[in-house]
Amino acid sequence: MTGRAYCVVSAGESRSFSSNDPFVLQATMSASIVVIVGTAASSIFRDVLSRRPKLVLVELDQQLLGEITGECGGEEGGAILGFSRFRLGSGAASQLIELVVQPRTLQNARRDAIALFESAGFQVATCLDRPGRILDRLVRPYFNSALERLDDGLASAEDIDRAVKLGLGFKRGPIEWLDETGLAHHGAVSDALSELLGDPYYKPGRRARVAMRKSSE
Amino acid sequence: MTGGKARPSVHQTGAPAAEATVSKVGVVGAGTMGFGIAIVAARGDYQTVVYDTDGGRIERLKQDAVTFIEKSIKLQKLTSAEAARCLDRLSATSELGMLSDCDLVIEAVFESFDVKSNVLTQLNKICRPDAIFASNTSTLSITQLAAASGRAANFVGLHFCLPAQIMKLVEVTPGMQTSTVAFDAAWAFCIKSGQIPIRTKDTPGFILNYFVIPFNNAAIRLVEQGVAEPPDIDTAVKTGLGHALGPLELVDMVGLDTQVLLCEAFYQATLDARMAAPHLLRQMVAANRLGRKSGRGFYDYASSRAFGA
């Protein structure tokens with residue numbers, strides 16, 4: 001059981017928690033901490049705020065927290081934070097919660113959010129409200145370069161994966177990750193980041209583009 | 001050829017080449033990498049001689065070898081008899097001529113084209129024409145080093161991971177002129193020594209550095225841009241991706257000054273913006289925040305606090 005009472009308000013399908021996830025099952029019917037999950041969080045956000053909760057945690061997929069709360073010249077913040085339970089494509093959800101803060105996020109709100117997730121057994125990494133947060137920012141260019149180098153004949157897919165596992169201590173190689181979690185999904189996330197960041201290294205690799213086209217047939 | 005994973009030949013056409021037999025291995029450079037490679041070779045049943053111009057480094061290598069082998073016995077990695085044979089097979093010298101009858105010479109000297117090519121030129125004068133030369137470079141072109149060595153056909157890249165005596169992976173890289181005989185001999189050496197060879201193309205950074213340097217730089221840029229603090233980034237990478245170490249912990253371990261040198265080498269070779277040293281990295285090096293070696297980098301090792309905290 002978590003040490004803090006919270007309620008979960010659902011607005012569509014959640015990438016972080018299934019309906020029988022312990023985090024959802026341990027929620028109460030109403031509480032001063034409200035966790036909004038689902039892809040349509042923005043549609044119920046104002047309604048949740050009207051109940052004057054102490055803390056609101058909004059699940060984010062690829063969107064930014066500012067798209068839901070609005071931004072105000074660097075003064076945005078308060079007791080509304082974003083979060084995302086990291087998962088790659090169709091892979092299993094990890095135990096990592098990326099907690100998204102804004103410039104004026106209240107310190108006690110941040111502390112409470114961290115405590116809530118940690119008491120539910122998650123590891124929390126806090127970051128600013130930026131496209132891709134932490135992990136997507138790091139892994140998407142890495143995956144794209146692995147796809148490009150595979151095309152270039154740097155080494156076989158198996159050897160690229162084996163090298164990074166044996167030589168760098170990575171749990172999985174990049175090609176393995178993409179095979180397991182979906183090349184097309186990677187392509188979609190990377191494409192979105194490429195547009196938001198304007199950085200060419202986020203442009204999906206050829207193999208990801210092929211997978212995206214094939215999946216849209 | 002000794003067994004191992006199936007892989008394509010260097011030359012796909014032409015008559016089958018004869019095999020080269022390696023029984024004596026020379027290692028040039030008695031630093032951290034040279035020490036590890038020498039242990040690998042001696043443990044793999046090869047007569048091994050290490051050359052260095054620095055007598056102090058040679059003495060340290062001898063002492064470190066005894067310490068490492070004794071620890072291997074305690075950890076039951078080697079029997080006492082195997083350990084004794086390993087130490088018997090290992091010698092060190094400051095006379096380059098002692099490498100003249102080696103079948104395979106692996107250079108592990110300072111990561112500079114001029115330094116390496118100078119050593120290789122000297123070796124080419126004293127070693128048998130059929131002896132194979134290998135470079136442990138992680139940043140330089142094997143084809144260019146091979147050309148500088150004067151024996152391009154008998155030249156191959158053997159990039160060991162640090163610490164070589166523990167890490168099993170070796171990136172085996174043929175240059176444009178490397179013969180099948182030389183490549184196969186180097187591959188067989190790795191297998192017989194208990195290493196895991198992986199064939200890579202001769203491009204900057206091979207596999208490991210090509211991927212890890214920009215990954216680490218991207219993590220440094222997240223700190224630079226204030227997106228997240230080092231512990232958050234490392235926690236995210238370890239928890240979300242299952243990496244053994246976070247990128248900033250890794251840079252602290254490698255040394256921030258070393259990361260700058262690697263960035264400079266790779267940026268020059270690739271003109272890839274991701275390889276360029278981030279501004280924050282250079283600032284931290286200027287401030288002597290070099291990582292573990294100076295007691296402070298992205299983390300403060302005196303107080304366990306993170307950079308900026």
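1. Start where the two chains meet: 37 residues of chain B are in contact with 37 residues of chain A. Two residues are in contact if their C-beta atoms, placed from the backbone, lie within 7 Å. This is a predicted model, in which local features need pLDDT of at least 70, side-chain atom pairs count only at pLDDT 80 or more, and totals for chains, interfaces and linings use all residues. Residues are numbered from 1 along each chain as its sequence is written, while chains are lettered from A and ligands numbered from 1 in the order in which they are written.

2. Helices (H or I, at least four residues) and strands (E, at least two) are DSSP runs, numbered from the N terminus.

3. Now look at a helix pair within chain B. The axes of H2(B) (residues 55–74) and H3(B) (residues 80–89) come within 9 Å and cross at roughly 165°. Axes are lines fitted to C-alpha atoms, for helices over the stretch in contact, and angles run from 0 to 180 degrees between N-to-C directions. The crossing therefore makes H2(B) roughly antiparallel to H3(B) (angles under 35 degrees count as roughly parallel, over 145 as roughly antiparallel, 65 to 115 as roughly perpendicular and the rest as oblique).

4. Finally, chain B is divided into domain 1 (24–199) and domain 2 (208–297), with bounds from an automatic or database domain assignment. Their centres, taken over C-alpha atoms, are separated by 29 Å.
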